[in-house]
Amino acid sequence: MQKQISNLDKLTLSNDFLFKHVMLRKRICKHILEELLHTEIADITYLEAEQTIDVYPDSHGIRLDVRIADAANTHYNLEMQVKNPVNCATGKFLLPKRTRYYQAMLDTDMLQKGQDYDELSPTYIIFFCLFDFFQDSQRIYTFKKRCLENMNIELADEAVIMFLNTLGTKGDVSPDIQSLFDYINSNTITSNFTREVADTIVEIKNDKKVRDAYMTYEMRMKDLRDEAHAEGKAEGLAEGKAKEKTATAKRLLSMGLSVEDIAKATSLSVEQVEAINAE
């Protein structure tokens with residue numbers, strides 16, 4: 001338990017747990033959105049039931065994104081992304097389709113609250129990335145749907161996806177956004193705004209409720225890692241046994257035993273033995 005608390009003390013803004021708690025400070029979050037979108041926002045509300053971290057499993061593990069609506073009913077989804085996740089089986093990057101998944105969740109949530117599809121609110125999905133996913137050095141990559149045959153034609157579905165590249169060198173951002181990028185990258189305070197963020201982090205780390213929530217989060221993450229390890233180990237054992245049965249069947253086939261006898265000896269089906277024999 002002491003180690004978990006010590007880990008909390010070492011966290012920086014790039015940690016998704018701490019990032020969410022900082023974004024739950026309305027003044028900071030509202031200012032970031034205003035600076036990114038170059039517009040004034042009257043007020044924001046959080047779409048979670050409580051303005052505290054909710055640690056719970058869902059279909060894709062633990063969620064630590066921030067969901068917000070402003071006074072004009074525009075919805076926002078913010079998330080910190082430290083690593084560029086890859087599907088080990090296919091080698092494909094996961095981030096593009098994660099945005100599609102998040103968009104579906106935002107829209108589904110609105111429809112469940114009684115809106116018709118033509119009443120869906122404008123949405124922004126915003127990833128703070130500590131890597132340059134598109135490798136073009138842009139500070140911000142903004143995506144909207146456009147017609148491939150005529151790029152001047154935009155599909156006005158009011159859904160926007162933004163990748164913020166904290167390592168970017170191209171494109172203009174406000175001084176406060178650049179100082180935020182610098183703070184995320186190196187924990188260096190270069191503006192009054194990042195001083196406010198740093199002071200907020202100290203305050204958050206000293207909050208007993210946050211410390212308790214972090215211990216719960218850490219234990220849940222450990223449980224998920226242990227479950228994944230156990231599943232992987234079980235799959236490995238099963239694969240090993242299958243290979244052993246196949247090797248035994250091949251040896252028995254080379255000795256001239258019948259398919260039926262080999263099936264009995266190895267607990268393989270007759271069809272499986274026949275398939276091995278046909279190889």
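## A buried pair

Arg67 and Asp65 are both buried (under 20% relative accessible area, with exposed over 50% and partly exposed in between; 1.4 Å probe, protein chains only). Their side chains form a salt bridge with an N to O distance of 3.7 Å; the term means a side-chain nitrogen of Lys or Arg within 4 Å of a carboxyl oxygen of Asp or Glu.

The model is predicted: local features need pLDDT of at least 70, side-chain atom pairs count only at pLDDT 80 or more, and totals for chains, interfaces and linings use all residues. Residues are numbered from 1 along each chain as its sequence is written, and side-chain values use heavy atoms, leaving out hydrogens and water.

## Other salt bridges

The count of salt bridges is 12. One of them joins Asp9 and Arg211 at 3.3 Å, N to O. Asp9 belongs to helix H1 (residues 2-10) and Arg211 to helix H7 (residues 208-254), so this pair ties together parts 202 residues apart in sequence. Helices are DSSP runs of H or I with at least four residues, numbered from the N terminus. Asp9 is partly exposed, at 41% relative accessibility.

Glu34 and Lys30 also meet in a salt bridge, at 3.1 Å, N to O. Both lie in helix H3 (residues 26-37), 4 residues apart, which separates them by about one helical turn. Glu34 is buried, at 17% relative accessible area.

Key
Helix = DSSP H or I, 4+ residues; strand = E, 2+ residues; numbered from the N terminus.
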